[in-house]
Amino acid sequence: MGLGGSGPTHNYSRPMRIVVLTGAGISAESGVPTFRDSDGLWEGHHVEEVATPEGYDADPVLVHEFYDARRRALQKVEPNPAHDALARLEQAVGEDLVVVTQNIDDLHERAGSHHVVHMHGELLSALCRACGSRHCWDGDLSGRPACPGCGVRELRPDVVWFGEMPHEMERIYRAIDDADLFVSVGTSGAVYPAAGFVIEARAHGVQTLELNLEPSEGTAFFDEARHGRAGVLVPAWVNELLTRL
Ligand code: BJW
């Protein structure tokens with residue numbers, strides 16, 4: 001546990017710019033599975049099979065079916081108190097809160113957050129490999145539908161796989177560098193560049209806080225770490241912050 005693990009240590013004051021990085025753990029209590037299970041498999045698949053461009057080229061049907069199932073499952077889940085609390089915080093501080101999510105679900109938006117950066121893409125979007133256009137997409141891709149832009153049947157999930165560049169990196173680093181507080185919620189700290197954000201924050205004198213079920217791989221880099229369920233920790237932290245602002 002980092003500094004002040006037994007109680008709040010930040011002396012918050014206005015104005016305060018906050019960057020919250022979220023990972024699979026924030027959606028776990030909504031019923032969305034996390035990635036790194038104890039058996040090393042991701043919903044029964046090796047990550048190289050379903051989350052690399054090479055895996056897609058080797059077996060596009062498998063990859064489409066994997067993402068189609070996850071897209072369909074989105075319709076059955078709802079935001080949980082952690083998503084709700086971040087939306088409440090945005091209502092209070094507006095653009096001074098940026099949520100950078102590694103998640104491809106839309107639960108932050110459904111909870112009411114507007115300033116959300118999806119650095120690993122979005123399940124409800126399709127990317128055309130032929131013309132590069134992006135399209136809102138809530139149906140299956142396994143039937144190889146035609147791109148609404150160019151008509152070619154080369155749509156893939158609009159998500160960031162290993163070896164690909166995550167989205168909006170300049171905007172993210174600028175927000176972190178200019179922030180007063182960086183908070184990481186529900187992420188294992190196993191995947192870069194997101195896992196390095198805490199180091200970027202510290203290098204710019206930004207306070208750092210981890211909220212995770214268990215110590216992440218980067219827990220030692222945080223000024224403070226609180227461990228438990230996001231659905232409990234995030235609302236408690238937001239309440240604490242709002243009473244100090
Ligand atoms: C709870 C909870 C509850 C549970 N409450 N908590 C060697 C060294 C360093 C880097 C590399 C390397 N070799 C290759 C790389 C780079 C590579 C990488 O990081 N590889 C690692 C395996 C080492 N990264 C990339 O290739 C990235 N691109 C890149 O680096 O481009 C170059 C570049 C350079 C410099 C600047 C910028 C760019 C791309 C990474 C793309 C990752 N894509 C995926 C799939 C997205 C689509 C999809 O969703 O299907 O993104 S993989 C997967 O991992 C997904 C997630 O967003 C990501 C992170 O996972 P996350 O969210 O942390 O989930 P889990 O399951 O790991 O952890 C959940 C946590 O929650 C756990 O800690 C639980 O305890 C906790 N939890 N329940 C609170 N109720």
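Predicted model: local features only at pLDDT ≥ 70, side-chain atom pairs only at ≥ 80, totals over all residues.
Figure 1. Cysteine 150 counts as partly exposed, at 35% relative accessibility. Its sulfur lies 3.7 Å from the closest cysteine sulfur, which belongs to cysteine 128. A disulfide requires the two sulfur atoms to be within 2.5 Å, so the sulfur of cysteine 150 is too far from that of cysteine 128 for a bond.

**Figure 2. Cysteine 147, a buried residue.** The relative accessible area of cysteine 147 is 3%, and the residue is therefore classed as buried. A search of the whole structure returns 0 disulfides. Cysteine 147 takes part in no disulfide, and the nearest cysteine sulfur, that of cysteine 128, is 3.7 Å away.

**Figure 3. The open sheet E5-E4-E6.** The sheet is built from 3 strands with antiparallel pairing. Strand E5 (134-136) and strand E6 (155-159) stand at the edges; each has a single partner strand, so one side of each lacks a neighbour in the sheet. On average, neighbouring strands of this sheet are turned by 45° against each other, direction ignored. Strands of a sheet pair through backbone hydrogen bonds.

**Figure 4. Pairing of strand E4 (residues 121-128) with E5.** The two strands are antiparallel and are paired over 3 bridges. Histidine 135 in E5 stands opposite alanine 126.

**Figure 5. Pairing of E4 with E6.** Here 4 bridges join the strands, which run antiparallel. E6 is mostly covered, with 5 of its 5 residues buried.

**Figure 6. The second largest pocket and its lining.** The space in this pocket is about 160 Å³. Its lining consists of Arg17, Ile18, Val19, Glu95, Asp96, Val98, Arg171, Arg174, Ala175 and Asp178. Strand E1 (18-22) and helix H7 (169-177) are the elements that give two or more residues to this lining. H7 contributes the most, with 3 residues. By class, the lining of the second largest pocket has 6 charged, 4 nonpolar and no polar residues.

Methods: Residues numbered from 1 in each chain as written. Heavy atoms only, no water. Buried < 20%, exposed > 50% of the residue type's maximum accessible area, 1.4 Å probe, protein only. 1 Å grid on protein atoms, 1.4 Å probe; cavity = no way out; pocket = protein on both sides within 12 Å on 5 of 7 lines; lining within 4 Å. Points joined across faces, edges and corners; volume = space filled by probe spheres on them. Nonpolar A, V, L, I, M, F, W, Y, C, P; charged D, E, K, R; others polar. Pairing = 2+ DSSP bridges. Axes fitted to C-alpha atoms, helices over the stretch in contact; angles between N-to-C directions.
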